[in-house]
Amino acid sequence: MPRCLLTASVALTLAVPVLASAQMQVHRNFPANALRGELTVTAAPEVKLNGQDARLAPGSRIRGPNQMLLMSAAITGQKLVVNYTSEQHGLVQDVWVLRPEEIQQLWPKTPKEAATWSFDPIGQTWTKP
């Protein structure tokens with residue numbers, strides 16, 4: 001019995017770094033209506049989005065680079081490059097804090113850009129006209 005527990009604990013110890021690195025490599029799919037911006041939580045639910053005052057919607061979700069949910073209080077004062085969506089009344093609904101490789105991808109910053117560019121939902125790429 002103790003030998004089985006030892007074997008199981010060693011296997012688990014070896015598997016945790018592999019699972020953690022696999023999670024960090026997850027490709028995230030963003031909706032076509034998401035825009036790129038810079039978000040700073042000032043005093044939740046109040047935020048600055050691209051330097052303008054904005055507000056988080058009730059039930060909004062902020063996902064970190066590892067796709068885990070972040071509490072707005074945990075990132076207060078940090079300037080973060082994000083993709084975000086807004087709900088029908090203009091409140092910020094969904095936020096994804098971007099990883100460095102995601103920041104490098106071309107993404108629209110305004111609704112006007114999103115309306116004139118072409119989006120490939122499979123490749124998650126935007127193309128300017």
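How many aromatic pairs does the count come to? The count comes to 6. To pair, rings of Phe, Tyr and Trp (its six-membered ring) must have centres within 6.5 Å; planes under 30 degrees apart count as stacked, over 60 as edge-to-face, the rest as tilted.

Some ground rules. This is a predicted model, where local features need pLDDT of at least 70 and side-chain atom pairs count only at pLDDT 80 or more, while totals for chains, interfaces and linings use all residues. Residues are numbered from 1 along each chain as its sequence is written, and side-chain values use heavy atoms, with hydrogens and water left out.

Now the layout. The chain has 3 helices and 7 strands. Both are DSSP runs, numbered from the N terminus: helices are H or I with at least four residues, strands are E with at least two. Along the sequence the pattern reads α-β-β-β-β-β-α-α-β-β.

Back to the rings. Phe-30 and Trp-96 make an edge-to-face pair, 5.5 Å centre to centre, with 75 degrees between the planes. This pair links distant parts of the chain, 66 residues apart: Phe-30 sits in the loop between α1 (2-24) and β1 (35-43), and Trp-96 in strand β5 (residues 92-97). Phe-30 is buried, at 5% relative accessibility. Trp-96 is buried too, at 10%. Buried means under 20% relative accessible area, exposed means over 50%, and partly exposed is in between (1.4 Å probe, protein chains only).

Next, Trp-107 and Trp-126. They are also edge-to-face, at 5.9 Å centre to centre and 80 degrees between the planes. Trp-107 lies in the loop between α2 (100-103) and α3 (111-116), and Trp-126 in strand β7 (residues 125-127), 19 residues apart. Trp-107 counts as buried at 3%. Trp-126 is buried at 7%. Both pairs belong to one aromatic cluster: Phe-30, Trp-96, Trp-107, Trp-117, Phe-119 and Trp-126.

On to the cores. In soluble globular proteins, nonpolar side chains tend to be buried together. A nonpolar core here is a set of buried Ala, Val, Leu, Ile, Met, Phe, Trp, Tyr and Cys residues joined through side-chain atoms within 4.5 Å. The largest has 15 residues. Leu-39, Val-82, Tyr-84, Val-92 and Val-95 have the most contacts inside it. Who supplies this core? β1, β2 (46-49), β3 (52-63), β4 (79-86) and β5 each give at least two residues.

Take Val-92. Setting aside neighbours within four places in sequence, Val-92 contacts residues including Leu-49, Leu-56 and Tyr-84. Contact means heavy atoms within 4.5 Å. A second, separate core of 7 residues includes Phe-30, Trp-96, Leu-98 and Trp-117.

Across the whole chain, buried residues make up 29% of the 129 residues. Of the contacts between residues at least 6 apart in sequence, 58% join residues at least 24 apart.

Last, the backbone. Most residues other than glycine have a negative phi, and most peptide bonds are trans. Which residues does a cis peptide bond join? Ala-44 and Pro-45, with omega about 10 degrees. Pro-45 is in the loop between β1 and β2.

Then two glutamines. Gln-67 has a positive phi, near 75 degrees, in the loop between β3 and β4. Gln-124 has a positive phi of about 55 degrees, in the loop between β6 (118-120) and β7. Buried or partly exposed? Gln-67 is partly exposed, at 30% relative accessible area. Gln-124 is buried, at 4%.
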